[in-house]
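Please read the following report alongside the coordinates.

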Amino acid sequence: MVAYRWEIAPHWEQEHHVEIAVARLEADGSVDVCSELLSSWPYRHGDLTSELQGVGLTVERSTFDPTADNYTVVATKDQAAPRHTPWRPDWAGGGRS
């Protein structure tokens with residue numbers, strides 16, 4: 001069984017936490033539990049979209065709904081115009097003559 005425990009900070013910009021616990025029933029009837037507390041700084045949807053655009057990504061699909069608990073965003077980078085020329089050694093062609 002997997003359980004989640006969220007600690008939401010008083011202010012959005014502060015560090016939030018989520019604890020993920022996994023409980024496993026052993027053959028002898030005992031329960032083995034392992035958990036981890038993780039730090040989180042969540043994005044608002046508008047901030048996420050701005051950040052993606054700021055690094056040259058375009059949102060292709062989004063399931064964002066302000067009434068939903070979660071959503072998925074798919075972003076892609078235009079491959080038609082590379083931002084830099086990849087390095088090639090001289091012997092790979094186009095080098096010294």
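## A loop residue and its surroundings

Isoleucine 8 has its place in the loop between strand E1 and strand E2, the latter spanning residues 16-25. The model is a predicted one, and in it isoleucine 8 has a relative accessible area of 63%, which is over the 50% cut-off, so this residue counts as exposed. Isoleucine 8 also takes part in a nonpolar surface patch of about 580 Å², made together with Val2, Tyr4, Trp6 and Val22. Strand E1, which covers residues 2-7, supplies the largest share of that patch, namely three residues.

Seen as a whole, the chain holds one helix and five strands, and their order from the N terminus is β-β-β-α-β-β. Of its 97 residues, 8% count as buried, while the accessible surface comes to about 8,400 Å², with 54% of this belonging to carbon and sulfur atoms. Among the contacts with a sequence separation of 6 or more, 18% are made by residues 24 or more positions apart.

Which residues does glutamate 19 touch, leaving aside those up to four places away in sequence? Glutamate 19 lies in strand E2, and its contacts are with Ala3, Tyr4, Arg5, Ser35, Glu36 and Leu37. One of these, Tyr4, also belongs to the nonpolar patch described above. The C-alpha atoms of glutamate 19 and leucine 37 are 4.2 Å apart in space, although the two residues are separated by 18 residues in sequence. With serine 35, glutamate 19 forms a polar contact of 3.1 Å between the side chains.

Aromatic pairing is limited to a count of one pair. The ring centres of phenylalanine 64 and tyrosine 71 are 5.1 Å apart and the ring planes stand at 85°, so the pair is edge-to-face; the angle required for that class is over 60 degrees.

The table sets out the relative accessible areas of the residues discussed individually, together with the class assigned to each.

| Residue | Relative accessible area | Class |
|---|---|---|
| Isoleucine 8 | 63% | exposed |
| Glutamate 19 | 22% | partly exposed |
| Phenylalanine 64 | 37% | partly exposed |
| Tyrosine 71 | 28% | partly exposed |

Why is glutamate 19 counted as partly exposed? Its relative accessible area is 22%, and because the buried class requires a value under 20% and the exposed class one over 50%, glutamate 19 falls into the class in between.

Key:
Residues are numbered from 1 along each chain as its sequence is written. This is a predicted model: local features need pLDDT of at least 70, side-chain atom pairs count only at pLDDT 80 or more; totals for chains, interfaces and linings use all residues. Side-chain values use heavy atoms; hydrogens and water are left out. Helices (H or I, at least four residues) and strands (E, at least two) are DSSP runs, numbered from the N terminus. Buried means under 20% relative accessible area, exposed over 50%, partly exposed in between (1.4 Å probe, protein chains only). Contact means heavy atoms within 4.5 Å. Accessible areas come from the Shrake-Rupley method with a 1.4 Å probe; for residues, only the protein chains shown count as cover. Patches are made of residues with over 30% relative accessible area and no salt bridge: like charges are joined within 9 Å, nonpolar side chains (Val, Leu, Ile, Met, Phe, Trp, Tyr) within 5 Å. A salt bridge is a side-chain nitrogen of Lys or Arg within 4 Å of a carboxyl oxygen of Asp or Glu. A polar contact is a pair of N or O atoms within 3.5 Å; within protein, one must be able to donate a hydrogen and the other to accept it, and residues adjacent in sequence count only if both atoms are side-chain atoms. Rings of Phe, Tyr and Trp (its six-membered ring) pair if their centres lie within 6.5 Å; planes under 30 degrees apart count as stacked, over 60 as edge-to-face and the rest as tilted.
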